[in-house]
Amino acid sequence: MRWMLMLVVVFLHINTIQSESSSSQASYSDVRCKCVCPKGNSTERNVFVATVEPEQCNCQHIVKREENFCLRCQCMYEARNTILIKVVIIFIIVLLVCLTVYAIYLLVDSKMSPVEISVSSDEMQERLTARTRGARNFSVRAFDRRHARWKQQVAAQRRHIYDTRTMLS
């Protein structure tokens with residue numbers, strides 16, 4: 001688990017250095033101004049996106065049209081944390097890889113060694129069973145006695161039906 005954590009930290013560090021060196025070439029950024037304007041009289045909309053300062057997030061700087069057109073536009077300044085998004089995605093990928101490896105391990109292990117079911121009791125298990133029986137309350141003991149009596153009656157009925165072919169009433 002430690003090596004996975006170290007791998008994620010190293011990847012993020014390399015990715016951060018790479019994004020700092022190529023931030024001017026990137027097609028996305030952590031901040032942007034998004035203007036949504038109607039297209040004519042229909043319900044369709046034009047979306048204009050630009051990377052500007054928060055003070056310049058208005059229709060005149062982004063859309064660069066006349067004022068009558070800009071009155072119907074809505075401009076919003078948006079900020080997002082791409083580093084956090086990358087960390088979450090990497091975490092999900094690592095988790096999926098771990099689960100896949102574990103599933104493959106379980107599959108291979110089940111094919112290699114079949115599970116043997118053994119019923120054996122030792123002294124400690126018998127002591128625990130006896131101790132829990134003594135701790136039960138009276139109504140459970142009575143229920144156990146009735147259940148045992150019922151089992152005996154069923155066994156006697158089976159004997160009579162299959163051995164002598166007679167029914168008990």
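What percentage of the 169 residues of the chain count as buried? In this predicted model, 12% of them do.

**Figure 1. Overview of the chain and its elements.** The chain holds six helices and three strands. Read from the N terminus, the order of these elements is α-β-β-α-α-β-α-α-α. Among contacts with a separation of 6 or more, 51% are between residues 24 or more positions apart. The chain has an accessible surface of about 14900 Å². Carbon and sulfur atoms account for 59% of that surface.

**Figure 2. Close-up of the salt bridge between Arg32 and Glu78.** One salt bridge is found when the whole structure is searched. It is formed by the side chains of Arg32 and Glu78, with an N to O distance of 2.7 Å. Arg32 belongs to strand β1 (residues 31-38) and Glu78 to strand β3 (residues 74-79), so the pair ties together parts that lie 46 residues apart in sequence. Side chains of opposite charge can pair when their charged atoms come close. Arg32 is partly exposed, at 26% relative accessibility. Glu78 is also partly exposed, with a relative accessible area of 24%.

Figure 3. Val31 is part of strand β1. With a relative accessibility of 29%, Val31 counts as partly exposed. When neighbours within four places in sequence are set aside, the residues in contact with Val31 are Thr51, Tyr77, Glu78 and Ala79. Of these contacts, Glu78 is also a partner in the salt bridge with Arg32. The C-alpha atoms of Val31 and Glu53 are 8.5 Å apart in space, and the two residues are 22 residues apart in sequence.

Figure 4. Val47 lies in strand β2, which covers residues 45-50. Its relative accessibility is 47%, and Val47 is therefore classed as partly exposed. Apart from residues up to four places away in sequence, Val47 touches Lys34, Cys35 and Val36. From Val47 to Val63 the C-alpha to C-alpha distance is 9.2 Å, at a sequence separation of 16 residues.

Figure 5. Thr82 is located in helix α4, which comprises residues 82-112. Is Thr82 buried or exposed? Thr82 is buried, because its relative accessible area is 12% and the cut-off for this class is under 20%. The side chain of Thr82 makes a polar contact of 2.6 Å with the side chain of Asp30.

**Figure 6. Close-up of the nonpolar surface patch that includes Leu84.** Which residues form the nonpolar patch on the surface? The patch consists of Leu84, Val88, Phe91, Ile92, Leu95, Leu96 and Leu99. Together these residues have about 670 Å² of accessible area. Leu84 is placed in helix α4.

Figure 7. An unreviewed UniProt entry assigns the feature "transmembrane region" to residues 83-108. In the model, this span is 100% helix and 0% strand. The C-alpha atoms at the ends of the span are 37 Å apart.

How values were computed
Residues are numbered from 1 along each chain as its sequence is written. This is a predicted model: local features need pLDDT of at least 70, side-chain atom pairs count only at pLDDT 80 or more; totals for chains, interfaces and linings use all residues. Side-chain values use heavy atoms; hydrogens and water are left out. Helices (H or I, at least four residues) and strands (E, at least two) are DSSP runs, numbered from the N terminus. Buried means under 20% relative accessible area, exposed over 50%, partly exposed in between (1.4 Å probe, protein chains only). A polar contact is a pair of N or O atoms within 3.5 Å; within protein, one must be able to donate a hydrogen and the other to accept it, and residues adjacent in sequence count only if both atoms are side-chain atoms. Contact means heavy atoms within 4.5 Å. Accessible areas come from the Shrake-Rupley method with a 1.4 Å probe; for residues, only the protein chains shown count as cover. Patches are made of residues with over 30% relative accessible area and no salt bridge: like charges are joined within 9 Å, nonpolar side chains (Val, Leu, Ile, Met, Phe, Trp, Tyr) within 5 Å. A salt bridge is a side-chain nitrogen of Lys or Arg within 4 Å of a carboxyl oxygen of Asp or Glu. UniProt positions are given in the numbering used here, feature names are shortened, and annotations may be inferred rather than shown by experiment.
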